[in-house]
Every structure is written in structure tokens, then in C-alpha cells.
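Here are my notes on the model, as numbered points. Please read them with the structure open.

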Amino acid sequence: MPNGTTLSGGLEIPNRRRPAAPVPGTRSLGLLKLWSLVRENPIAAFPAEAYQAPVARLTKFATGPLIVSDPGAIEQICVTNADNYVRGEFQQRRVRSLLGLGLLTAEGDIWQAGRRIATPAFTPRMLTPWLAATRSAGEGLAEAWSANAPGELVNIFEQFLKVSFDVISNYAFSREFDGSYPAVHRHMSDYFRVQGKVDLPTLLRFPRWVPTIGSVRARPSVGALRRIVMAVLNARAALPSTHRRHDLLDRYIDGDAPTEAGRERFIRDNVLTLLLTGHETTAAALAWTTYLLALFPWAAERVADEIADAGLGNTPGPDDLNRLVFTRRVMDEALRLYPPAPFFSRAAVQEDAICGTRIRPGDEIVISPWVVHRHRRLWEEPDLFAPDRFQSRQRNAIHRGAYIPFGAGPRICIGQTLAIYELLSLLVVIAGRFRFEIPDGARIEPLARITLQPRGGLPLRIHRR
Ligand code: HEM
């Protein structure tokens with residue numbers, strides 16, 4: 001192992017090259033400097049202390065959001081005492097103006113009603129239709145790449161966004177959004193650009209009714225995305241009952257909306273939530289996994305060999321994909337190093353204590369999978385790529401609160417199981433048939449804009465195997 005190391009528990013790190021990540025600052029910053037850093041890229045603003053201490057403050061002020069990274073405390077907030085915490089403003093200010101009463105942003109009865117309607121579409125039983133949708137999107141991508149010149153430079157993040165959009169549009173909405181992709185993509189990019197940043201009112205904890213420049217500038221994209229959803233909704237609701245598709249869209253149209261919510265808003269916001277959360281995160285996960293395979297050819301070769309040796313046939317199902325143990329480890333390690341949801345937040349309802357720190361009602365807590373997954377006390381060589389951390393023996397030793405790419409507790413990602421199999425199924429096509437190369441001089445930078453995106457996309461050279 002020429003460039004590698006073997007760590008204490010026998011964990012092998014075959015190559016000590018550090019995948020792209022900002023180096024945490026040690027200085028204690030003034031508010032304006034901190035704000036400009038947080039605004040630019042929150043993961044670059046988390047202080048070094050956050051990666052070492054169980055809890056740390058984002059600002060020097062005692063009122064600043066508390067960054068909690070202790071796995072026991074994360075379980076306390078998200079699981080055992082979850083009733084005492086609602087979604088925090090750090091998160092809500094980025095997404096509530098767009099997703100309103102949808103699953104990601106709603107609370108209480110409205111959240112419960114939204115989750116009750118959607119849950120049956122996300123059980124492991126639904127993997128078969130989900131994988132069928134995934135395969136057809138993956139084959140489309142492979143066909144396009146096969147027609148490219150060898151070594152052609154392709155912005156793979158852009159293409160993965162389209163692939164994962166096709167999967168959710170096909171599976172949940174019977175392809176009714178397929179034609180809307182260019183408009184959805186354009187308005188989402190506009191929204192992320194103006195509203196995806198953490199702003200000063202969030203840091204200073206202005207009351208939520210105070211409009212921010214970002215929220216005002218985001219209004220046109222919010223209006224456009226809502227109109228796209230309403231057009232599909234109205235067309236479907238007007239169909240005679242014999243033409244119903246029994247997909248997630250019909251589930252919401254036919255489901256019981258909570259009385260306190262406007263029925264139309266409730267359906268619209270949930271459909272938009274699932275359309276957006278269902279593809280942005282998966283595309284990011286796929287892009288970062290592919291980046292790591294390009295950076296570490298030894299892992300790419302092992303993944304390709306495993307896929308070739310598995311004899312998967314044309315329509316691999318969940319049991320077939322479960323045989324790809326090394327591919328799964330690479331994916332899990334990619335989700336550790338580049339969690340697609342890099343932070344989420346909670347606000348306390350009643351008083352609590354977290355690692356000895358008093359939490360008052362309304363106190364804001366930031367939980368950052370980005371920080372937790374790179375925490376010095378929780379991981380050996382946290383910044384390095386070592387898929388064998390997820391070998392079963394090592395995996396069993398990982399605290400539930402130390403590895404949280406999908407969150408935890410009642411508000412855990414509803415799409416977790418489907419997303420994992422979507423990623424594995426697409427990797428069979430992507431990593432099994434193609435090889436990737438990072439072009440000379442490329443600057444890859446993870447950028448937190450609600451999701452963790454590669455700044456400027458991810459242009460890689462693609463070769464057929
Ligand atoms: C790799 C892919 C994905 C990752 C890493 C991811 C991550 C997350 C995380 C961390 C949360 C919890 C946020 C919190 O606790 O505040 C969450 C919630 C959620 N995710 Fe995902 N997600 C992924 C894919 C998906 C997919 C495919 C869908 C739907 C098709 C989806 C829909 C949702 C929804 C609706 C919520 C809100 C759940 C609730 O509050 O009840 N996600 N996701």
C-alpha cells in the first residue's frame with residue numbers, strides 16, 4: 001500500500017489524498033466577516049471548534065445558533081425528545097417560502113397528514129416500481145454517454161439532476177412533470193441562488209415575519225414553480241375517475257387534507273416538496289460518489305469488477321443490489337464525506353439541557369451532517385476516503401447519531417430506502433460501464449446551498465469501459 005495507511009482498528013486507507021473540502025478556520029470571527037462567510041458557503045464558516053467539541057456556537061454571541069455534534073445529543077433532539085423540537089429558522093428561512101405546508105417544512109397535524117398520505121408510496125414494497133423508473137432513466141443516460149466522443153467533458157451534476165428528476169416524475173407523478181424539467185430546473189437554480197444562502201436576519205434571529213431581500217427576490221421563482229405544479233394538479237383533478245393513475249399525485253388529491261390547511265395549498269406544497277426533495281439530494285449524492293470514483297481509480301476498478309462479477313442481469317432487483325457490498329460502502333462513504341443535506345436545524349419548544357448547556361424555549365440548534373461526519377472525536381482520519389469504515393464490523397461500532405445523512409427520528413427522510421436503491425441501481429450503469437477522469441486544473445468545491453452541490457457543476461471526462 002504505497003500511499004496508504006492502516007489505522008488502529010485495522011481500517012485501511014489505500015490513498016491519503018484529501019478529497020475536496022474547505023479547511024475549517026480557527027479564528028474567532030466578527031459578525032460581519034462571519035456573515036459574509038456563512039452567506040458565501042456555510043460549510044466553510046463552521047469553526048474548527050465545531051469539529052472537535054460536542055457543542056459549539058456559530059457566533060461569539062451566546063444567542064447564536066448552537067451547533068450540536070454529540071451523537072447522544074443528536075438522538076436526544078431528533079429521536080428521544082423529538083416532541084420538544086420543531087424545525088428551526090436556520091433551515092425554515094431557506095425553504096418555507098417555497099415549500100410552505102409540504103412535508104419538509106410543515107409541523108404538527110399538517111405534517112402528520114402529509115406524511116400519512118405519502119408513507120405507503122415509500123415502503124420497501126414499492127422498490128420494484130421505483131427501480132423500474134430508475135432503470136429507464138439510467139439507460140437513457142448511458143445511451144447519451146455512449147454516443148459521446150471518448151473522454152468528452154460532461155457536466156455530470158447537471159445530467160444527474162435530470163436523471164433523478166425523471167425517476168421521481170415517472171414513479172410518483174406518472175411522468176406528468178417530464179416536459180416541465182427545463183422550467184423547474186431554471187426556477188430552482190434561481191431560487192437556490194437568491195434564497196439558498198444563510199442571511200443576516202437568520203444569524204441575528206429576526207422574527208420570521210420580517211421579509212428578507214432573498215425572500216423578496218425569490219418570489220418570481222416561487223410563483224413560477226407553484227404554477228407548474230398547479231397546472232398538473234388541475235389537469236389531473238379534472239380527469240374522470242376511470243382515468244386515475246393511482247400514483248402519489250392521486251394519493252394527495254384523494255387524501256384527507258387537515259382541516260386547518262387550505263386543501264389546494266396542502267396538495268400543491270406536498271407535490272412540490274416531493275418533486276424537489278426527491279431529486280436534488282439524490283443527484284448530489286450521485287455526483288459526489290462519481291467524483292470520488294474519479295479521484296480514486298483503485299475504488300472505481302473494484303466497484304466495476306464487483307458489478308461485472310455479480311451477474312446482475314438486465315433488471316436487478318433489491319436482492320441483487322444487496323450483493324454489491326463494496327459499491328454500497330463507497331456510496332455510504334460518499335454520503336459521509338458529502339452529505340447532500342449538509343445541515344438542518346431545530347428550535348426548542350420547552351427548556352432542555354444538551355451536553356450540560358441550558359436550552360431555552362426558542363433556542364436554535366444546528367445539526368450539520370457535514371460537521372458530524374467529519375468530527376475528530378467520532379471518526380479516524382475523518383477527511384479521508386476510506387469505504388472500509390462501513391464494513392459490517394466497523395459499521396456496527398458507529399453510533400446512530402454519528403452517521404446521519406438521512407436525519408433521524410420521526411422526521412427522518414421519507415425517501416431514504418428508495419434513494420439508497422436508486423443510487424445503487426444508477427451506479428450499476430454509471431460505474432459499471434464508464435470510467436471518469438477529473439480534467440487537469442479542475443477546481444472542485446463543495447458548496448452548501450440548501451443541498452451540497454459541486455460549485456459550478458461537476459465537469460468530468462467520461463470514457464466507456
Ligand atoms: C441521497 C438522497 C437523500 C438524502 C441524503 C436526504 C436527506 C434528508 C434529510 C437529512 C432529511 C431530514 C431533514 C431534517 O430532519 O430536518 C430529509 C427529509 C426529507 N426527505 Fe430526504 N434525502 C434524500 C432523498 C430523498 C428522496 C428521494 C425523497 C423523496 C422522493 C426525499 C424526501 C424527503 C422529505 C419529504 C423529507 C421531509 C420528511 C419529514 O419531515 O417528514 N428525500 N431528507
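**Ligand shell and salt bridges**

1. This is a predicted model. Three elements each supply at least two residues of the shell around the ligand: α5 (108–118), α13 (263–295) and β7 (344–348). Helix α13 gives the most, with six residues.

2. The ligand is surrounded by 26 residues. Arg 87, Trp 111, Arg 115, Arg 346 and Cys 413 are the closest. By class, the shell has 15 nonpolar, seven polar and four charged residues. The space that the ligand takes is the largest cavity.

3. An N or O atom in the side chain of Arg 115 is 2.7 Å from an oxygen atom of the ligand. A polar side-chain atom of Arg 346 also lies 2.7 Å from a ligand oxygen. At Leu 103, a polar backbone atom is 3.3 Å from an oxygen atom of the ligand.

4. The structure holds 29 salt bridges. One of them joins the side chains of Glu 139 and Arg 433 (2.7 Å, N to O). Glu 139 sits in helix α6 and Arg 433 in helix α19, so this pair ties together parts 294 residues apart in sequence. Glu 139 is partly exposed, at 35% relative accessibility. Arg 433 is partly exposed too, at 29%.

5. Arg 268 and Asp 269 also meet in a salt bridge (2.9 Å, N to O). Arg 268 counts as buried at 13% relative accessibility. Asp 269 is buried at 1%.

6. Arg 389 and Glu 333 form a salt bridge (3.0 Å, N to O). Arg 389 lies in the loop between α17 and α18, and Glu 333 in helix α16, so the pair links parts 56 residues apart in sequence. Both residues are buried.

Definitions and conventions
Residues numbered from 1 in each chain as written. Predicted model: local features only at pLDDT ≥ 70, side-chain atom pairs only at ≥ 80, totals over all residues. Heavy atoms only, no water. Near = heavy atom within 4 Å. Polar contact = N/O pair within 3.5 Å; in protein donor to acceptor, adjacent residues only side chain to side chain. 1 Å grid on protein atoms, 1.4 Å probe; cavity = no way out; pocket = protein on both sides within 12 Å on 5 of 7 lines; lining within 4 Å. Sits in = over half its atoms within 2 Å of the grid points. Helix = DSSP H or I, 4+ residues; strand = E, 2+ residues; numbered from the N terminus. Nonpolar A, V, L, I, M, F, W, Y, C, P; charged D, E, K, R; others polar. Salt bridge = Lys/Arg side-chain N within 4 Å of Asp/Glu carboxyl O. Buried < 20%, exposed > 50% of the residue type's maximum accessible area, 1.4 Å probe, protein only.
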